[in-house]
Amino acid sequence: MSDLHKAFDHGKAFIGFVTCGDPDLDTTREVVKAMVENGCDLIELGIPFSDPTAEGPVIMEADKRALDGGVTTDDIFAFTKDLKKEIDVPMLYMTYANVVFHYGVERFCIKAQEAGISGLILPDVPYEERDDFEFICLAHGIDPISMIAPTSEDRIAKIASEASGFIYLVSSLGVTGVRNDISTDLEPIIKVIRENTDIPVAIGFGISNPEQCRKMASISDGAIVGSGIVRIVAEHGRRSAGPVGDFVKSMKDAIKDL
């Protein structure tokens, strides 16, 4: 069991995602610090991958910029370990199975644990294949984060009952990216989840403004925002920390009183 619960211990959680190394790790450091200073409760660090199948164009392009800049998984481990000395909120990695397999699952988890990582999201690993990662992660104090989508249907109860850390509820079909409207009826899914586990549920995919953030957090335990942050980094480059901090503050302010 990791310390991910800390993100949900004081009200609705705001979870922010950033791609490590976009445009460089020094910028990522300043962006993450600004996110925490402005109320981010949990940091999701993306380890870039050449074929991020769950991502829309915003994060795909961020991955490409980071990889073109030469960032490696080892660079990110060292970066995270150093960053952990400066921030006091939990952090998790989001990447793809091939990155972990290529590195070696046990070796990856050891390095992640040494870096102070609390969780791991692998969006291309279905529930039926979780055993390749789950037990090794847990053995090293890392929660493997389960994802539930609107298409999970009769698998929702089983996924929820075996989940750890928190559940990542995907708001919409398709890939990540900003959406003008999130119309999926998520409350029946959350009801099934609540009947099968007491761990928190956070909603992600498509949340891009304070109104959407408040709406999603009002029916769950928190909101996850990725593309909205990464898009700001794409626009402002090495001067992203200030604009990202302002954006995070607006999102956190929207859910403070829930």
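Select proline 57 to begin: with a relative accessibility of 54%, proline 57 counts as exposed (exposed is over 50% relative accessible area, buried is under 20%, and partly exposed lies in between, using a 1.4 Å probe and protein chains only). Before you click on, note that this is a predicted model, where local features need pLDDT of at least 70, side-chain atom pairs count only at pLDDT 80 or more, and totals for chains, interfaces and linings use all residues. Residue numbers run from 1 along each chain as its sequence is written, and side-chain values use heavy atoms, with hydrogens and water left out.

Back to proline 57, which sits in helix α2, residues 57-68.

**Next stop: aspartate 41**

Jump to the loop between α1 (25-37) and β2 (42-46), where you'll find aspartate 41. Is aspartate 41 buried or exposed? Its relative accessible area is 7%, so aspartate 41 is buried.

Show side chains and look for two polar contacts (N or O atom pairs within 3.5 Å; within protein, one atom must be able to donate a hydrogen and the other to accept it, and residues adjacent in sequence count only if both atoms are side-chain atoms). The aspartate 41 side chain pairs with that of histidine 10 at 2.8 Å, and with that of lysine 252 at 2.7 Å. Leaving out residues up to four places away in sequence, the neighbours include Ala7, Lys12, Phe14, Val89 and Pro90.

The peptide bond joining aspartate 22 and proline 23 is cis, with omega about -5 degrees.

Then select glutamate 153, in the loop between β6 (146-148) and α7 (156-161). Glutamate 153 isn't a glycine, yet its phi is positive, about 45 degrees. Glutamate 153 counts as exposed because its relative accessibility is 60%.

Finish on phenylalanine 205, in the loop between β8 (201-204) and α9 (210-218). Phenylalanine 205 has a positive phi too, near 85 degrees. With a relative accessible area of 8%, phenylalanine 205 is buried.

Note on methods. Helices (H or I, at least four residues) and strands (E, at least two) are DSSP runs, numbered from the N terminus. Contact means heavy atoms within 4.5 Å.
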